[in-house]
Amino acid sequence: MLRRATAKDLSALAALRCRAAGTSRADTEGWLQNVAGLENILVLEKPGQPPAAMLAAVPVEYGQHRGIWLCGAAGRQGVPMERLLPKLIESCLRAYGASGFDFAVMTPEDARNAGELKTLGFTSQLPLRVLHTQIRRDLLAQAAFDSLTVHKLLEMRCIYQPGCICLPESAMNEIMTQLYRRGLTVVSTRRGYGLYYTKGDTLQFLELQADNDHCADQLLQAAREKTGAANARILLAENQTLYLGAGRRCGYGVVAFLGKSFPLTDAYFRMLL
């Protein structure tokens, strides 16, 4: 039987999610309640038994188009998710398409998973670029650190990425809280911002938005002066104009149209968690 989750399912779903994602109980419950939303989680179970599997179908928006982000798939030990998940996804696509939703997005775990999703109508239209670079030193580079509110961060994100496939601010509050707990730093100026972790001598940027390459360089240089790290690994959307042509293309997001297709030329899809 397939049904929507309720508050009574929280403990059982948290156990499934902890096992699948390897996250703490607090982060797991925060994700279930505040990012996915229990009302958006589909539970598969047999009558009288605990949940066997789960899949979240989280509402998102892209301009005037309504969509769902399919994520958080997890199953109890012994449940054949490799066979079960495609059927769950197919059911979701059919049901949400009939309800007037326009598209679905996912982030495949690997190339094999992406290939399987292709048979369900997903295409790889939301790739990223990975750029490895040395950070030139500038002792005068200045920026603020961890000073942006989530509201201001989302405002800046929408300026740089008007085609952002976005979650509500309440969900992003939970995402940023969890990222901060894991050591994230936000560097910002009036002309851009970046989200990064420090890993040894490398700054790993989950996101970097700026007016131009020079403004992006200033963010990197200020972060270098703060941390001492001389290298950066930067994730950029393929359609971003920063460091145009540089970096290696890598898969990230896939999309399926649930009705008429529409252009995704300015679409930006980064869920961060």
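**A mixed sheet and the helices on it**

An open sheet of 12 strands runs in the order 1-2-3-4-5-12-6-11-10-9-8-7, with mixed pairing. Two strands pair if DSSP finds at least two bridges between them. Strands (E, at least two residues) and helices (H or I, at least four) are DSSP runs, numbered from the N terminus. The edges are strand 1 (2-4) and strand 7 (144-145), each pairing on one side only.

The model is predicted: local features need pLDDT of at least 70, side-chain atom pairs count only at pLDDT 80 or more, and totals for chains, interfaces and linings use all residues. Residues are numbered from 1 along each chain as its sequence is written, and side-chain values use heavy atoms, with hydrogens and water left out.

Strand 8 and strand 9 run antiparallel, joined by five bridges. Valine 186 has leucine 195 of strand 9 as its bridge partner. Strand 9 and strand 10 are also antiparallel, with eight bridges. Here leucine 195 is partnered by glutamate 207 of strand 10. These two strands form a hairpin with two residues between them, and glycine 200 in the turn has a positive phi of about 65°. Strand 10 then pairs with strand 11 (residues 231-237) in the parallel sense, over four bridges. Phenylalanine 205 stands opposite isoleucine 234 of strand 11.

Strand 10 is largely enclosed by the rest of the structure, because seven of its nine residues are buried. Buried means under 20% relative accessible area (1.4 Å probe, protein chains only).

Next comes helix 5 (residues 150-160). Its buried residues are Val150, Leu153, Leu154, Met156, Arg157 and Tyr160. They cover an arc of only 160° around the axis, so they lie on the same side of helix 5. The arc is taken from the directions from the helix axis to the C-beta atoms. Their cover includes helix 6 (169-181), strand 8 (185-189), strand 9 (192-199) and strand 10 (202-210).

How do helix 5 and helix 6 pack? Their axes are 10 Å apart, at an angle of about 110°. Axes are lines fitted to C-alpha atoms, for helices over the stretch in contact, and angles run from 0 to 180 degrees between N-to-C directions. The two helices are therefore roughly perpendicular, a term for angles of 65 to 115 degrees. Val150, His151, Leu153, Leu154 and Arg157 of helix 5 meet Glu169, Met172, Asn173 and Met176 of helix 6. Contact means heavy atoms within 4.5 Å.

Key: Buried means under 20% relative accessible area, exposed over 50%, partly exposed in between (1.4 Å probe, protein chains only). Angles under 35 degrees count as roughly parallel, over 145 as roughly antiparallel, 65 to 115 as roughly perpendicular and the rest as oblique.
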